Amino acid sequence: MLALSGCSSHWGCTDTTAERGEAGVRVRVEDVSGRPLGVIAEVVDWRLEPHPQVPDEGDQVHFHYRFDGADEGSGPAVDACAVDEERVALGCRTVHSAEAFGPDGDHTGDDWLAVEHPEQVAGVLLIPNDQSYHGRTCEQDVKDGGGPHPPKPAGVGDRL
């Protein structure tokens with residue numbers, strides 16, 4: 001009789017990380033395999049102004065965004081970044097379509113980006129990679145982890 005121990009067998013777990021998509025003001029949201037999800041994310045407008053809860057901190061980037069084609073209740077999330085003229089990120093955060101509630105049921109919302117030098121902001125860009133799914137990695141769970149994962153979220157200093 002032949003018996004294999006579950007502890008000694010190799011599960012063949014493999015992690016892959018998606019490549020970061022091209023940032024833009026209007027992007028087609030894509031899954032971790034690069035396939036479009038049928039959702040368009042767009043920065044509608046932005047401006048520099050003090051945040052109403054912390055006005056003493058000076059100007060921050062206040063931006064409005066929209067998700068067209070997103071499902072009710074849950075859906076994709078993308079990184080939004082304030083960038084300078086050379087498309088270098090000055091500040092980023094993830095925005096979720098599920099948190100965008102506009103009049104008439106459209107998926108619109110607004111958010112704030114705190115940046116160290118607001119006078120350098122030339123625009124707000126979205127990165128098309130869906131950041132809503134974070135499966136377990138091989139390191140976390142060799143048996144049930146692995147597979148494709150979103151790219152690392154954008155951060156200050158990244159060129160988009």
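Q60 lies in strand 4 (residues 59-68); strands (E, at least two residues) are DSSP runs, numbered from the N terminus. The model is predicted: local features need pLDDT of at least 70, side-chain atom pairs count only at pLDDT 80 or more, and totals for chains, interfaces and linings use all residues. Residues are numbered from 1 along each chain as its sequence is written, and side-chain values use heavy atoms, without hydrogens and water.

Q60 is buried, at a relative accessible area of 7%. Buried means under 20%, exposed over 50%, and partly exposed in between (1.4 Å probe, protein chains only). Beyond neighbours within four places in sequence, Q60 is in contact with R47, L48, E49, H51, V54, W112, L113 and A114. Contact means heavy atoms within 4.5 Å.

Three strands form an open sheet in the order 6-5-8, with antiparallel pairing. Strands pair if DSSP finds at least two bridges between them. Strand 6 (89-96) and strand 8 (123-127) stand at the edges with a single partner strand each, so one side of each lacks a neighbour in the sheet. Five bridges join strand 5 (residues 77-83) to strand 8. V83 stands opposite G123 in strand 8.

The structure holds two disulfides, each a pair of cysteine sulfur atoms within 2.5 Å. The sulfur atoms of C13 and C138 are 2.0 Å apart. C13 lies in the segment before strand 1 (15-17) and C138 in the loop between strand 8 and strand 9 (147-149), so this pair ties together parts 125 residues apart in sequence. C81 and C92 form a disulfide with sulfur atoms 2.1 Å apart. C81 is buried, at 0% relative accessible area, whereas C92 is partly exposed, at 25%.

How values were computed: Helices (H or I, at least four residues) and strands (E, at least two) are DSSP runs, numbered from the N terminus.
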